[in-house]
Amino acid sequence: MSKATTLSMISLCALTTVLIGCGGGAETNTDTSKIDASAPVSDWQLVWSDEFDGSAIDTSKWQHEVNCAGGGNNEQQCYTDSSDNAYLNDGILHIVARQAADGAEKPFTSARLNTRYKADFTYGRFEVRAKLPSGQGAWPAFWMLPTEEVYGGWPKSGEIDILEAVNLQTATAEGGAENRVYGTLHYGKDWPDNVSSGKAYSLPDGMNPADDFHTYAIEWQEGEIRWYVDGYLYQTQRRSSVRYNSKDEAVGLSHRGWFAEYYNQSSGALTTHWDNAPFDQDFHLLLNLAVGGDWPENANELGVDADAFAQGQHFEIDYVRVYQCALDPETGKGCETVRGGYDSKEDALVEGKAPIPAPPSSGEAKNLDIFTGEVNPNWPAWDCCGGSTPSIVEDAERGNAYQFSVGAAPTVNGFISRAEFITDPNGKASPFDASPLIDSGTISFQMKVTSMPNNADAVWVMKIESVEAATAVEIPLIQSREGTEVQGGQWQTFTFELQALADKGLDISAIDVVMVFPAWGTGEGAVYLIDEMRIAGATGPAPLVIFENAVNPAWPMWDCCGGSAPAVVNDDDAHEQVAEFTIGDAPTVMGFISRAEFITADGVEPSPFDATAMLADGHLQFEMKVINMPNDGAAAWKLKVESLDAQTAVELDLTASVEAAAPTANEWQTYTFKLSDLADAGLDVSAIDVVMIFPAWGTGAGAVYRVDNVKIYSPTSDSGFNGHVLFADQVLDQWSLWDCCGGSTPTIENDDADHGLTAEYKIGAEPTVVGVFADDNLYLDAFSLNSNGVVQFEMKVLEAPADVNSVWKFKIESGDGSTAVELELTASIEGQAPVLGQWQTYTFKLQDLFEAGLDTSAIDVLMIFPAWGTGEGAVFRVDNIMIYDPASVPQAQGFLD
């Protein structure tokens, strides 16, 4: 099994755990004193039934399935058409699971009946009155399968489990007797990427489904299915509801329900559909009693208790009835049997497993901090399969870092942004659109391994997934930009270009998992720290790191002519591992070279560096410490840089560096050379392939020196600000200060030294709202900021409203008022009311506004005001009105000043 498959299976197992082992957390207990189970089903018309009053099973309604296939779940029975396994007696259908004869293909026999092509239905109420079997390994079911599999084989065309139970009356993990029944939908992609969603229900007052008859039903209508026990609605599932922005682009799900994946008839592409499919086609009924299988054998008392089947376990069915809604048989709507809470996620409504549509790229480049010393609630740390809990620990060098470990169970570790793994109440699944960053963007992180895997040959890898594992790329860390092997006990940086990941097949428009781990099954014993994990666009051209704590395999250390072997040695705490060069009697030059004949690492290609984009302000920089000076006390230290296999070269004294310093013994010193100076001296900077540092030719005998942090880079960087500034000293172009209805003209006034020019508003006798307003047909698209962005402003009240009960408000609108959200200022993150004469900051999460109904793709009005009709006399100032991602600004507060 591939690791991609493993991850998908783990998601499936996580669901199974919820269904099987969740105990009280998955159950609903009900007071049936308010339920009249004998009341007629109103508005439903009976269209098909079997009361089982005859002497034999009605073959015009049912057919036996005969096989030993195990139901696809490794079940232990053969299904037969024998009357030993299915018969009628006193108006009851008995499906009986028995021990098989010695030597039989499977240890048990049973029966499975279906109505395919005899009774097929789309929509209706489907009901069974039954008494269920008990015992470890007993698995009765009343369920439905698609008759024609319109959308493809299982589970793509769906499965509706009306009633299932396993191991009734056996001991649960909590010590009670098993009494749960389950209702479940199966749908989605081909196995093993299939999904399911459902809920468990326990009968009230300790009743057990194996003790007596109870009625189990679903009501299935277009877009919705509801589950009932004895007339009580305990579960509702629905189709997914897609949210669209003002451009009619899918931007998320207002309800996450079921989905289907099938081929588009026009394009032929495999497409995800968030509509009624697959539960909009004919399904038929099934009744069966399985023995054992993956689910029951891994729950309760484990395995199968053969003694429980010695006398046969009976699944007893009094009747099966099918109703159609007389009001609208085509959709099944209008006959709903509902109660308060049936459509609430806190009560009966169950979320499905539909993939959240990746919103279209806004084209706006933004960065994502997955973990940079602080937890991102949208991207929790995660151990897929090993059972550990990643934790934040204090590292002496870096402060907070996430610690991951690998035990005996194979696993992958990292960070994930999928709804089922987010536990922080402030967290939300936030797949990241990195497509605007593709030209220069990277995924990077820092890692320190504190305990290496027991397997010395373990290969460390990074794996990235997108669109809930629809695409994935796994790549060894040695193939990072730095090209360094993982070494224990030290922080190392690993950087990967987004373009390279996209070239390998990753859909970078919806990245939702980033993992770092020793290759699957080889990591036992590993303990490691991760910090500074981010996806970001380069603020300038990407740097070249030639040596930083380790050799870049594409740029090996090199002694041209002296016959020595440069070595990596330990130095002080600040530098750790460094490159050491030693010069003997033979004249030589030394440094780093990226030409094929000098590269020895397997699979590594030479990497001449194109520094053309850095010419304006780029540097070549390194640090050096001389351990032993050359015997020739007059030796001049040199830097030599070559390109294009020595077609061009420049040699300079170290004293020509920006620092203009000559080496001093046993002291680390930095040397910086401007790329523009090297180019002016004749170097072709488009293919630099040699960097040498040495005492002048023939003068270096006796020299021993160390080099670290050799790089070619551009120091230029902008603030990284990702967002929109509506007002800071002046109004954003094509926006205006605005008084809706009061007739005043807001003004720009000078305030204190920190704020400078601010917007001042005065409220007169006329009720009004005030703020900033976009020109006609101008809309601000902030959707790309939803996951981390905020709306923020500062306000100072100079004169309070005359109405002492006035409440200060914040209101934001989009699409010419088509959507709007209004909140009190006390609902801000700061939770504060205005204080007279004091500047205060107010921050509102953009995601919260989006979920409250705001279309964040077309914002055109932002208002701050005392509640309508209560503001007379108020005078206040506003500054730094922004919609932005705070993580994109090192010090967000006051950065505009």
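Are Phe547 and Phe592 buried or exposed? Both Phe547 and Phe592 are buried, where buried means under 20% relative accessible area, exposed over 50% and partly exposed in between, with a 1.4 Å probe and protein chains only. Before going on, note that this is a predicted model, in which local features need pLDDT of at least 70, side-chain atom pairs count only at pLDDT 80 or more, and totals for chains, interfaces and linings use all residues. Residues are numbered from 1 along each chain as its sequence is written, and side-chain values use heavy atoms, leaving out hydrogens and water.

Now to the largest nonpolar core, which has 59 residues. Such a core is a set of buried Ala, Val, Leu, Ile, Met, Phe, Trp, Tyr and Cys residues joined through side-chain atoms within 4.5 Å. Ile160, Trp220, Ile317 and Val320 have the most contacts inside it. Apart from this core lies another, of 46 residues, including Val412 and Ile530.

Turning to the rings, there are 40 aromatic pairs: rings of Phe, Tyr and Trp (its six-membered ring) pair if their centres lie within 6.5 Å, and planes under 30 degrees apart count as stacked, over 60 as edge-to-face and the rest as tilted. Tyr402 and Phe404 make a tilted pair, 6.0 Å centre to centre with 35 degrees between the planes. Tyr402 is buried at a relative accessible area of 11%, and Phe404 is buried at 2%. The rings of Phe547 and Phe592 have centres 6.1 Å apart and planes at 40 degrees, so this pair is tilted.
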